[in-house]
Amino acid sequence: MFAVTCVLLAALGHVVMSGAGLPWWAIPMGLGWIGGTAWIVADRERGVPFVVLSTLVAQGALHLVFSLAQSMAVPHAMHTGHEMTGTSSFGMLGAHLLAALLCGLWLAYGERAAFAVLRSVARLILVPLRPFTRPQITTHRPRIRLAHSPAPYDDLLLVHAITSRGPPSGIAAF
């Protein structure tokens with residue numbers, strides 16, 4: 001939906017500012033390029049600066065694609081006096097920048113909201129399943145005995161240095 005809005009907004013601004021129509025194949029081509037790129041970078045949540053910068057680059061690319069499409073569709077337009085004046089090129093640049101800013105902010109905050117909803121749904125589904133995924137703790141702990149040492153004097157070597165810390169193993173008082 002973002003790609004459709006971004007491309008249609010850019011096409012509308014381009015047609016209004018240039019005064020010439022776009023060929024039919026320019027919009028599907030731009031939509032395929034923008035949609036494919038958006039699909040590739042949609043693997044994780046991105047920040048607002050990345051999204052706005054990406055839309056600036058996308059709008060610049062759409063401007064180039066639409067300008068080339070217009071010049072290919074009407075190659076004699078440059079010779080008939082329909083070339084773009086300096087004021088309309090600044091207007092078109094402003095329109096693309098405005099479209100990039102609006103689409104970028106819309107996408108960035110929409111992405112943030114969508115990921116928040118996904119995290120909430122995941123918590124709603126996964127929290128009740130948590131007791132089944134945790135390992136069960138038993139009250140019985142088997143006592144592990146050390147293997148007997150093959151050397152007879154190894155057990156007596158540091159016997160005087162052993163200290164036992166912790167609570168007594170039996171009942172201390174009655």
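**Reading burial, core and pocket in a predicted model**

Reply: Thr55 is buried, with a relative accessible area of 3%. The model is predicted, and this value is computed from it.

Me: Why does Thr55 count as buried?

Reply: Buried means under 20% relative accessible area. Thr55 has 3%, so it is buried.

Me: Where is Thr55 found, and which residues does Thr55 touch?

Reply: Thr55 is in helix H3. Not counting residues up to four places away in sequence, Thr55 touches Phe2, Ala100, Cys103 and Gly104.

Me: How should I read Phe115: is it buried or partly exposed?

Reply: Phe115 has a relative accessible area of 23%, so Phe115 is partly exposed. Phe115 belongs to helix H4. With its neighbours within four places in sequence left aside, Phe115 is in contact with Arg44 and Glu45. In sequence, Phe115 and Arg44 are 71 residues apart; in space, their C-alpha atoms are 8.9 Å apart.

Me: What is the general idea behind a nonpolar core?

Reply: In soluble globular proteins, nonpolar side chains tend to be buried together. In this model, the largest nonpolar core has 14 residues. Cys6, Val7, Ile34, Leu62 and Phe66 are those with the most contacts inside this core.

Me: Which elements give two or more residues to this core?

Reply: They are helix H1 (2-18), helix H2 (26-40) and helix H3 (48-73). H1 gives the most, with six residues.

Me: Which residues does Leu62 touch?

Reply: With residues up to four places away in sequence not counted, Leu62 touches Cys6, Val7, Ala10, Gly30 and Ile34.

Me: Now the largest pocket. How much space lies in it, and how many residues line it?

Reply: The space is about 530 Å³. The lining has 22 residues, and Phe2, Thr37, Ala38, Val41 and Leu107 lie nearest the pocket centre. By residue class, the lining divides into 15 nonpolar, four polar and three charged.

Me: Which helices supply at least two residues of the lining?

Reply: H1, H2, H3 and helix H4 (86-126) each do. H3 gives the most to the lining, with seven residues.

Me: Why does the largest pocket lie between domain 1 and domain 2?

Reply: Look at which domains give residues to the lining. Domain 1 (1-42) and domain 2 (95-132) both do, so the largest pocket lies between them.

Definitions and conventions. Residues are numbered from 1 along each chain as its sequence is written. This is a predicted model: local features need pLDDT of at least 70, side-chain atom pairs count only at pLDDT 80 or more; totals for chains, interfaces and linings use all residues. Side-chain values use heavy atoms; hydrogens and water are left out. A nonpolar core is a set of buried Ala, Val, Leu, Ile, Met, Phe, Trp, Tyr and Cys residues joined through side-chain atoms within 4.5 Å. Buried means under 20% relative accessible area, exposed over 50%, partly exposed in between (1.4 Å probe, protein chains only). Helices (H or I, at least four residues) and strands (E, at least two) are DSSP runs, numbered from the N terminus. Contact means heavy atoms within 4.5 Å. On a 1 Å grid over the protein atoms alone, a cavity is a set of points where a 1.4 Å probe fits but cannot get out, and a pocket is an open set with protein on both sides within 12 Å along at least five of seven lines; lining residues have an atom within 4 Å of a point. Grid points are joined across faces, edges and corners, and a volume is the space filled by probe spheres set on the points. Ala, Val, Leu, Ile, Met, Phe, Trp, Tyr, Cys and Pro count as nonpolar, Asp, Glu, Lys and Arg as charged, and the others, Gly among them, as polar. Domain bounds come from an automatic or database domain assignment.
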